[in-house]
Amino acid sequence: MPDPRNVIILGSGPAGLTAAIYSARANLAPLVLEGELSSTSDQPGGQLMLTTEVENFPGFVDGIQGPELMANFRAQAARFGTEFVQERATRVDMSSRPFKVWTGDPSAPEPSYTAHAVIVATGARSLMLDIEAERRLLGHGLSTCATCDGFFFRGHEIAVVGGGDSAIEEAIFLTKFADRVTIVHRRGELRASKIMQERAFKNDKITFLWHHTVDDLVGEKSLEGAVVRDVRTGETHVLPVTGLFVAIGHRPNSDLFTDLLDMDEAGYLKTVPGRSLTNVVGVFACGDVQDHTYRQAITAAGSGCMAAIDAERWLEAVGDAPETINETPTEW
Ligand code: NAP
């Protein structure tokens, strides 16, 4: 496909690949920049590549492994003519159309690709504890999503790390499955809102381990315990948990768009409510990079569909003159 392309999709999680399926079926021959395997900041296939069993994605009665689900998404997008490259965008120029995207050296004079429309689906990442054992045990007792994985921990001893609203929300949710949930927090008071704090304090199944951090994890194939350290004394002991949920925040992968696209103070891209339109005409955003509320594969996939339809309608509305139209047509 010669440049400029109709549409470039940045990201290959559920949002990006659903956008690819829809735009490929609309004959737009999308190019997907999947990300690089070697990069720690992007994960081709998105966050589901780091999970094991997925039981809440509709259509799979018996559940499906996260990587298998994403392989299915990708094969479905490829079937309709999506082009994939295992590269990550290192620079984008959205000041004029066609939009310019660089991969590799961002100071190269010429962009790697150009396109009339861009769909941003770069996702978000859960902040992690930054310990070696995390990679080994993620999906094997260690999780970053109670909504996704809580069900697997019925009857387990569970701990949640963090002191914000996410940690409290996850802990309360997990009390549906466990008789005791320990919140491990590095300070002596919570950051969470008062109402969430009150709910946690009132819940008999929740206990707190204050002033502690998780320094290491025990277990080779599955989690057997968490090594916790009292930050006041330096003393460590093993918390005998078989489920550990890290809830210390998320970061949207939006650094590339600083000063280009409108974002909130946490870095989530702003879109027109109920749509995928960003502040730049011809640039659409979907999935976790613009959603700090739901953060589910199915909601990301749904918003990827919306972005593809918005991009398709926009391309159709501007016809042969995409470079000259400076307002988003509203009659869609
Ligand atoms: P957050 O408010 O940034 O809280 C992160 C928590 O993790 C803090 O308690 C922090 O400790 C702790 N933490 C950070 N790095 C850590 C590390 N390396 N080791 C141990 N602990 C660490 O993040 P969040 O809870 O995900 O919430 C993000 C935003 O979404 C907030 O505005 C929140 O109100 C909102 N939210 C709302 C709801 C709701 O209303 N239902 C639910 C979820 C999230 P310190 O306190 O010591 O900094």
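The radius of gyration is a value taken over the C-alpha atoms of a chain, and the rule for a globule sets it at 2.2 Å times the number of residues to the power 0.38. The structure discussed here is a predicted model. With 332 residues, the protein chain would have a radius of gyration near 20 Å if it were a compact globule; the value for this chain is 22 Å, which agrees with that rule.

## The chain as a whole

Along the principal axes, the C-alpha atoms of the protein chain fill a box of roughly 65 × 40 × 40 Å. The chain contains seven helices and 19 strands. Of its 332 residues, 50% count as buried. The accessible surface of the protein chain comes to about 16100 Å², and carbon and sulfur atoms account for 49% of that surface.

How much of the contact pattern comes from residues 24 or more positions apart? Among contacts with a separation of 6 or more, such pairs account for 59%.

The protein chain carries 29 positive and 45 negative side chains. The centres of these two sets lie 4 Å apart.

## Two domains

The domain assignment divides the protein chain into domain 1, made of residues 4–126 together with 250–318, and domain 2, made of residues 133–246. Taken over C-alpha atoms, the centres of domain 1 and domain 2 are separated by 32 Å. Nine residues from domain 1 and 12 residues from domain 2 take part in the contact.

Several of the residues described here belong to the end part of domain 1, residues 250–318. A285 lies in strand β19. Is A285 buried or exposed? Its relative accessibility is 1%, and a residue counts as buried under 20%, so A285 is buried. Leaving out residues up to four places away in sequence, A285 touches V120, L269, T271, S276, T278 and Q290. A285 and G16 are 269 residues apart in sequence, yet their C-alpha atoms are 9.4 Å apart in space.

S303 is placed in helix α7. With a relative accessible area of 11%, S303 is buried. Apart from residues up to four places away in sequence, S303 touches C286, G287 and Q290.

Because its relative accessibility is 17%, Q296 counts as buried. When neighbours within four places in sequence are left aside, Q296 is in contact with N56, C145, T147, C148 and D288. Of the residues in that list, C145, T147 and C148 have numbers that fall within domain 2 (133–246).

A further residue, Q76, is located in helix α2, which spans residues 66–79. Q76 counts as partly exposed, because its relative accessibility is 39%. In sequence, Q76 and A24 are 52 residues apart, and their C-alpha atoms are 9.8 Å apart in space.

The table gathers the accessibility of residues in this report.

| Residue | Relative accessibility | Class |
|---|---|---|
| A285 | 1% | buried |
| S303 | 11% | buried |
| Q296 | 17% | buried |
| A29 | 26% | partly exposed |
| Q76 | 39% | partly exposed |
| D259 | 78% | exposed |

## Backbone details

P4 lies in the segment before β1 (5–10). The peptide bond from R97 to P98 is also cis, and its omega is near 0°. P98 is found in the loop between β6 (89–93) and β7 (99–103).

Positive phi values occur as well. A29 is a residue other than glycine, and its phi is positive, near 45°. The loop between α1 (14–25) and β2 (31–33) holds A29, and its relative accessible area of 26% makes A29 partly exposed. D259 is not a glycine either, although its phi is positive at about 70°. D259 lies in the loop between β18 (250–252) and β19. With 78% relative accessibility, D259 counts as exposed.

Key:
Residues numbered from 1 in each chain as written. Predicted model: local features only at pLDDT ≥ 70, side-chain atom pairs only at ≥ 80, totals over all residues. Heavy atoms only, no water. Helix = DSSP H or I, 4+ residues; strand = E, 2+ residues; numbered from the N terminus. Buried < 20%, exposed > 50% of the residue type's maximum accessible area, 1.4 Å probe, protein only. Contact = heavy atoms within 4.5 Å. Areas by Shrake-Rupley, 256 points an atom, 1.4 Å probe, with all protein chains shown as cover. Lys, Arg positive; Asp, Glu negative; His and termini not counted. Charge placed at Lys NZ, Arg CZ, Asp CG, Glu CD. Domains from an automatic or database assignment.
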